[in-house]
Amino acid sequence: MLESPESEKLCTLALVNTPGIGSVTIRQLISYCGSAEKVFRSDYKTLIKIPGIGDKVARLILKKDGIAEAEKEWNECIKSGADLHFFSDKTYPNRLKSLYDAPVMLYSKGNFDYNNQRTIGIVGTRQITDYGKSVTESIIKDLVPFNPLVVSGLAYGVDITAHRACLKHELTTIGVMASGLNVIYPATHQKTAREMQDNGGLVTENALNTKPDFMRFPARNRIIAGLSDITIVVESAKKGGSLITVEFAQNYHREVFAVPGNLNNPQSEGCNQLIRDNKAAIFTSVNEMAEAIGWNLQNKENDLRVTNLKDSESANLVFDGFTQDEGQILSLLKRQGSMQLDELSWQSSMHLNKLATLLLNLEFQGIVKSFPGKKYGLI
């Protein structure tokens, strides 16, 4: 078995490289076993008892083929200058940590901070019109005073227009990819992708040499939605891919705005429908949007933002008198309202057995209440 300071991360990467295991299942495995290393040390009887782990997946894990692949991928990342961000790292995006389907790890290249005070996703059709191009460029220009991190998908149309406008106005922008970092798609955007790495960069959950396929684009869209406090849809057809991003954003309780368009233009049907169905607020200007969501240039301390609860001083103040572990649990529950046991284990990085004991003690103290479905919340 691997013996090095990076062994836990290498074992996590090995799980990612094991066929048939997604991010939710990997977190389930790590929560039940206590660490990625312990997953590979577990025997068949232990693995098969874990919910969601069948015979095929258990046997694939026991073969440990992913470990050699992980070491190869790790070394290639070092050579290519790619950064790896694991869910347990401080560099992992705080905005993703609370999401049940968040990637276990991310690859990136560039110069940016995931945890920028303000983030905004700009998405839309690949068949952008002159109107859509003009609106996208205007939005980026008007966002400059707010200095947000702009997130998009590096695709044709609205995406690449937003990225290039950010480069023009020196706004930090990241492109979330449906491929690996070594496979820029579409290839015609390679020059822009390189330029973005000076003030922004590229992000993906896929291994370096992964080619894009149909199913990777919806997965990419969930990352765009998860990284963004607000998502703006500039133009979209009635069944455009941007509507998938909107669906994820709504599931994550994020703000969504849509730019209204010409009733006779097919590329505005999706946006107009979102507004009509009250699935998105109507976008009229950056300043009106900023006012609606509480972005305030005069008093930035009042802006909405995501903080790392483990490093939050306010958590210690609010829950003074409890142990550090108890305070961490209470902080998570205060923020989320209620959480399932597995999700609480994932976000707190606590083993299920330890977490269950702490929750029981907090129940006895009358601080925490259990709900059906292994959910917990504050009283």
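Within strand 12, K375 is the bridge partner of Q340. The structure is a predicted model, in which local features require pLDDT of at least 70 and side-chain atom pairs count only at pLDDT 80 or more, whereas totals for chains, interfaces and linings use all residues. Residues are numbered from 1 along each chain as its sequence is written, and side-chain values use heavy atoms, with hydrogens and water left out.

Strand 10 pairs with strand 12 (residues 375-378) in the antiparallel sense over three bridges; strands are DSSP runs of E of at least two residues and helices are runs of H or I of at least four residues, both numbered from the N terminus. Pairing requires that DSSP find at least two bridges between two strands. These strands belong to an open sheet of three strands with the order 10-12-11 and antiparallel pairing. Its edges are strand 10 (338-340) and strand 11 (368-371), each of which pairs on one side only. From one strand to the next, the twist averages 25°. Helix 17 (residues 341-348) lies across strand 10 and strand 12 and runs at about 95° to strand 10. Such angles run from 0 to 180 degrees between N-to-C directions, with axes fitted as lines to C-alpha atoms, for helices over the stretch in contact.

Another open sheet comprises nine strands in the order 1-2-6-5-4-3-7-8-9, and its pairing is mixed. Strand 5 (residues 173-176) and strand 6 (residues 200-204) are joined in the parallel sense by four bridges, and G175 stands opposite L202 of strand 6. Helix 13 (residues 269-276) packs on the sheet, where it touches strand 7, strand 8 (255-258) and strand 9, its direction making about 125° with that of strand 8. Helix 8 (residues 130-143) lies across strand 3 (119-123), strand 4 (149-152) and strand 7 (230-233), at about 170° to strand 3.

K109 is located in strand 2 (residues 105-111). Although buried, K109 has no salt bridge, and the nearest side chain of opposite charge, that of E76, is 8.7 Å away. Buried denotes under 20% relative accessible area (1.4 Å probe, protein chains only), and a salt bridge places a side-chain nitrogen of Lys or Arg within 4 Å of a carboxyl oxygen of Asp or Glu. Lys and Arg count as positive and Asp and Glu as negative, while His and the chain ends are not counted. The K109 side chain instead reaches the backbone oxygen of S80 at 3.3 Å. Beyond neighbours within four places in sequence, the residues in contact with K109 include S80, L181, Q197 and L202, contact being defined as heavy atoms within 4.5 Å.

Notes
Buried < 20%, exposed > 50% of the residue type's maximum accessible area, 1.4 Å probe, protein only. Polar contact = N/O pair within 3.5 Å; in protein donor to acceptor, adjacent residues only side chain to side chain.
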